[in-house]
Amino acid sequence: MKLKRHPEHSLLSRPHWLVEDFNKKTFTNATPCFRRFLPLLLCPLSIGWGFSAHRKIIDVAIQHVPEPLHNFLKTNRDWLVEHALDADLRKHSVIGERERHYIDLDEFRNQHSGMECMPPANWKHAVSEFGEATLREHGIGPWNVQWQFNKLIEAFRLKDKDRILRCTADLAHYVSDLHVPLHTTKNYNGALTGQLGIHALWETQIPELKMDAFNLSRPLNSPIYNPACADSIWSVVLDSHECLILVFGAERETMTEIGEVNAFSFAERGRVRQKVRSEQFLLRYYLKLDGQVERRMVDSIQACAIFWYTAWVQAGQPQLPAEESEKRRFCATIEWLMN
Ligand SMILES: [Zn+2]
């Protein structure tokens with residue numbers, strides 16, 4: 001799992017920003033309501049951090065942000081929390097959305113040595129080395145975070161409230177996803193090692209079972225303003241990847257100790273009955289992880305606060321838009337879903 005850093009991965013250097021192409025949307029004939037809820041019907045468990053974790057991350061991250069941005073985010077807290085999962089919901093309706101949530105680092109190898117390596121942080125350099133199709137196939141999570149960060153800066157500059165809120169929720173989602181170890185490997189659900197279901201186990205079942213015991217509101221580990229935050233997403237990805245040894249090792253150990261007969265149960269998710277790890281398995285696995293899920297959640301929360309605040313500062317600390325009427329907000333949301 002040890003990866004060599006690409007020479008471009010300096011936390012001090014800023015990569016060349018690329019304005020992201022907007023992807024064409026499909027399902028244009030379906031009603032907005034159907035488009036919105038179809039992914040929930042298709043894919044109840046494979047959604048990045050689970051529903052509650054993504055929402056909790058945004059909720060707690062708002063607490064870390066200084067004024068005046070804090071007040072703006074707090075005022076719009078309900079909307080932001082409600083839309084924390086929008087990026088996942090788009091996976092089934094927007095071409096090019098799926099690959100924004102991960103990067104399979106183990107797919108990247110040096111052309112000459114064949115050794116695993118980190119791809120270039122600069123998108124143009126990465127494209128010239130691997131080709132865009134290959135990059136998209138293996139996931140473009142870190143580059144996407146850099147593009148989304150720029151989008152949020154632009155939204156602040158425009159003082160466009162709807163755009164600020166959408167970019168704030170989306171950026172938090174993508175940054176948080178890359179804190180999940182299984183979003184950095186092609187073996188993302190254990191299919192290659194006979195550990196199917198490990199994705200939901202780590203990022204949904206454990207947080208759902210233990211969230212109340214997590215200490216998520218810890219003091220920030222680093223300054224809230226970090227002009228190198230977008231570059232630092234590569235360190236986040238590397239840290240996530242290095243967590244994989246424990247993620248897989250602890251699962252295998254737990255399975256050996258309690259046996260397959262005791263390892264599984266069934267969970268009802270809406271109208272779907274799904275085979276998941278049993279509570280007995282969860283409790284034992286959780287202890288072996290030694291706080292790993294909680295630490296990655298705390299790091300996600302702190303990173304979101306830093307990204308948001310830094311974007312606002314880099315936009316020139318503009319005055320924040322005032323509250324709009326509920327009717328205006330409802331119309332803007334419908335308009336956004338239709339486009
Ligand atoms: Zn996601």
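Helices H8 and H9 cross in a left-handed way, meaning that the near helix is turned anticlockwise from the far one by less than a right angle. This is a predicted model, in which local features need pLDDT of at least 70, side-chain atom pairs count only at pLDDT 80 or more, and totals for chains, interfaces and linings use all residues. Residues are numbered from 1 along each chain as its sequence is written.

**The H8 and H9 pair**
- The axes of H8 (residues 141–158) and H9 (residues 161–177) come within 9 Å and cross at roughly 160°.
- The two helices are therefore roughly antiparallel to each other (angles over 145 degrees count as such).
- Among the residues making the contact are Phe-149 and Leu-152 of H8, and Leu-171 and Tyr-174 of H9 (contact: C-beta atoms, placed from the backbone, within 7 Å).

**Helix H14**
- H14 covers residues 292–314, and its 23 residues should span 33 Å at 1.5 Å a residue, which agrees with the 32 Å between its end C-alpha atoms (the expected span is 1.5 Å times one less than the number of residues).
- Because 18 of its 23 residues are buried, H14 is largely enclosed by the rest of the structure (buried: 20 or more other C-beta atoms, placed from the backbone, within 10 Å of the residue's own).
- After H14 comes Gly-316, with a positive phi near 95°.

**The whole chain**
- The chain has 15 helices and 2 strands (DSSP runs: H or I, at least four residues, for helices; E, at least two, for strands).
- Of its 339 residues, 38% count as buried.

**Confidence**
- The mean pLDDT is 86 (the predictor's confidence in each residue, from 0 to 100).
- Over residues 10–46, pLDDT stays under 50.

How values were computed: Contact = placed C-beta atoms within 7 Å. Buried ≥ 20, exposed ≤ 12 C-beta atoms within 10 Å, placed from the backbone. Axes fitted to C-alpha atoms, helices over the stretch in contact; angles between N-to-C directions. Parallel < 35°, antiparallel > 145°, perpendicular 65-115°, else oblique.
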